Amino acid sequence: MSKLVEVKNVIKKYKDAPRAAINNLSLTIDKGDVFGLLGPNGAGKTTLISMLCGLFPATEGEIYINGLTHKTHSNQCKQAIGVVPQEIALYPKLTAWENLLFLGHMYGLKTTPLKESIKYNLAILGLESNTHQKISTYSGGMKRRVNLIAGLLHNPQLLILDEPTVGVDVQSKQAIIDYLKKLNTEKGMTILYTSHHLDEAEEFCNRIAIIDDGKLVTQGKTKDLIIENNSQSIEEVYLKITGLKFRDK
Amino acid sequence: MKLLYSLYKEFKVITRDKAGLAITFIMPTVLILIITLIQDTTFRSVNEASVPLLIVDNDHDSLSNVLEKSLINSKFFIITKKQLSVDEAKSEVAKGHYFIGIVIPEHTSDLLRQRSSDRVNKLMSSFSGDTLSSERLDTSTIRLKLFFDPITKKSFKTTISNSIERIISQIEMQSMVNSLNETMKESFPDAKPSKLETAPIVGLTEEYASYNNSTIIPNSVQHNVPAWTLFAMFFICIPLAGNIIKEREDGSAFRLLTMPGSYMIVILGKMLMYVFVSLIQFALMLSVGLFILPMMGLPQLNIGDNLPVLFLVAFSAGLAATGFGLLVGTIATSHDQASLFGAVFVIILAAIGGVWVPTFVMPEVMKQISVISPLNWGLEAFYGIFLRNFGFKEVFPEVAKLLTFFIVSLGGAYWYQKYRQLH
């Protein structure tokens, strides 16, 4: 398989921070992967995702998206990525339709295909009857589904999901996971997924990387990790590797 | 295209925020109405007619009649005549019922005529070597009592005293001329002299040194409408900063920053929409000055003749206010911080800039400090257009300052945003 994302010896040190947030981390995500990025709070997941999205540069090392870097090909790299943040990054006073139309236009999409894409995605995720309702009137699960659609509108090669199912009911969670699987199998969309729901990650991801304290501690195919670590589940692997110590700073 | 959609999004967000709209449009309207009404009397006392004046006339003769007529003709006073004692008159003024009280003692006119006649007779007898010329005259002054309200400013008090003294001098002069006339008649009984003209020979021509012969006098409306409009325009920094912080907190900014193209398009859309809102504020406040305030018995706002220059100043002020809002929104880490800092800073800038108390009544030190406030730059430009009929050339320095403030604020916001991303 060809590489979509390559992180090479990346170090990120914030000003005045006592230690590096990312410490000489290297990993690869192949096209078509559903890649789980797991780790305790403060492990460096959000910092890594922010650098993948081109929000800020690495202090050292390089990140390649399709062989290109943000330094030289920012727009191409960004166009290849869709982001679904952990927060509901939508305007509560606008309807779902208005939110998605605005965000789609910000991706530079043309109005007609954009409207088709919005209609299609809303219908798939069971929101067509709520299209013109303000986001502020939506339930948590409905908001999460619109949040997901907002990252998909431009049909990205890599979809980055930061805790996409946090705080939602079982039905919404299942709808989100089923749709993501469909996107992966039918469209070949690569997915980078972070979550603290380890059972969900085990079921959903074909490859997993665990990072702790800014370092990559293990990575591999999900099933191989369980076997190699003599465990019954990814949760067991995770606890064996990261331990039970709190990560309070 | 992105810019248009960004503008459209901001328009929807702003128009659906009922509380924000109320603060943006209703607050300044109410402020203008209340403050203009409150300050109207103060401005009138500084500027023009309607100074309440009490006359206690114990003379009931020519002097008191001429004095009263002259005071009425000056159109400077609202005159009330009462029969009171000196102490009672003083008490009325002390209570604030009148700005000024004048007590004319009994027989003032008689004494004036008598002394005028004595002076003329003494003068005439000196020509004929009569013994009368060596007799001493009564040169004591007949004193009218003048009481002033203690809150009256010294300069205003001096102006009023001088006006009354001038009227009395004219009465004295007329009395002397009358006495001279009588004496001359006795000396030349067959003569038919013409009347001595007593109209002033040297006079003053007064005029405001304004452009294009504009003679608009600053009043509470001319001050308060532009002042509070600017205040409201700068107050827009709070909802704008809040909008930016909310986008940052809810992850929208993160999402927008991950999109291809510049995030500056989104910021530009935000900024232009808020400038547009500030221009609507401006138009609304001008309408209040033009149509609502006159209905409440206040003077109508005169906006001058130069509407394009007026728009330029309003646009520059809108840009300056929006730039400041962007800077606050970028630096502040929470909505509370932005609201508090934004509000306090705008209030201080307004106080320094002469929004609450006009700079022309400020002490010299404050006048010098006031020039650092962007609200003062805007206010001076509006004064220029409204009161002095200024054109582009005359308001250019103030417009340039407002635009520089905008550019510096925008540059500061951009630099801080980059700094935060890199660190």
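**View 1. Strand β1 of chain A and two of its partner strands.** β1(A) and strand β4 (residues 60-65) of chain A run antiparallel and are joined by five bridges. Here helices (H or I, at least four residues) and strands (E, at least two) are DSSP runs, numbered from the N terminus, and two strands pair if DSSP finds at least two bridges between them. E6(A) has Y64(A) as its bridge partner in β4(A). Strand β1 (residues 3-12) of chain A is also joined, by six bridges, to strand β2 (residues 22-30) of chain A, again in the antiparallel sense. In β2(A), the residue opposite V5(A) is I29(A). The structure is a predicted model, in which local features need pLDDT of at least 70 and side-chain atom pairs count only at pLDDT 80 or more, while totals for chains, interfaces and linings use all residues. Residues are numbered from 1 along each chain as its sequence is written, and chains are lettered from A and ligands numbered from 1 in the order in which they are written.

View 2. Ten of the eleven residues of α3(A) are buried, so the helix is largely enclosed by the rest of the structure. A residue is buried if 20 or more other C-beta atoms, placed from the backbone, lie within 10 Å of its own. Among the buried residues are L100(A), L101(A), F102(A) and L103(A), as well as E98(A) and H105(A). The buried residues pack against α4 (111-124) and α5 (140-152) of chain A, and against α1 (2-15) and α9 (252-257) of chain B. Just after α3(A), G108(A) has a positive phi of about 85°.

**View 3. The side of chain A that touches chain B.** Contacts (C-beta atoms, placed from the backbone, within 7 Å) link 25 residues of chain A with 22 residues of chain B. On the chain A side, α2 (70-79), β5 (81-84) and α3 (96-106) each supply at least two residues. α3(A) gives the most, with four residues. By type, the chain A side divides into 15 nonpolar, five polar and five charged residues. Nonpolar means Ala, Val, Leu, Ile, Met, Phe, Trp, Tyr, Cys and Pro; charged means Asp, Glu, Lys and Arg; the others, Gly among them, count as polar. The predictor gives the complex an ipTM of 0.90 and a pTM of 0.75.

**View 4. An open sheet in chain B.** Four strands form this sheet in the order β2-β1-β3-β4 (chain B), with mixed pairing. β2 (77-81) and β4 (145-148) of chain B are at the edges with a single partner strand each, so one side of each has no neighbour in the sheet. The twist averages 20° from one strand to the next. Strand β1 (residues 51-57) and strand β3 (residues 100-104) of chain B pair in the parallel sense over five bridges. L54(B) is opposite G101(B) in β3(B).

**View 5. Two helices across the sheet of chain B.** Helix α3 (residues 62-73) of chain B lies across β1, β2 and β3 of chain B and runs at about 150° to β2(B). Helix α4 (residues 86-94) of chain B lies across β1, β3 and β4 of chain B, at about 170° to β3(B). Axes are lines fitted to C-alpha atoms, for helices over the stretch in contact, and angles run from 0 to 180 degrees between N-to-C directions.

Conventions. A residue is buried if 20 or more other C-beta atoms lie within 10 Å of its own, exposed if 12 or fewer, and partly exposed in between; C-beta atoms are placed from the backbone.
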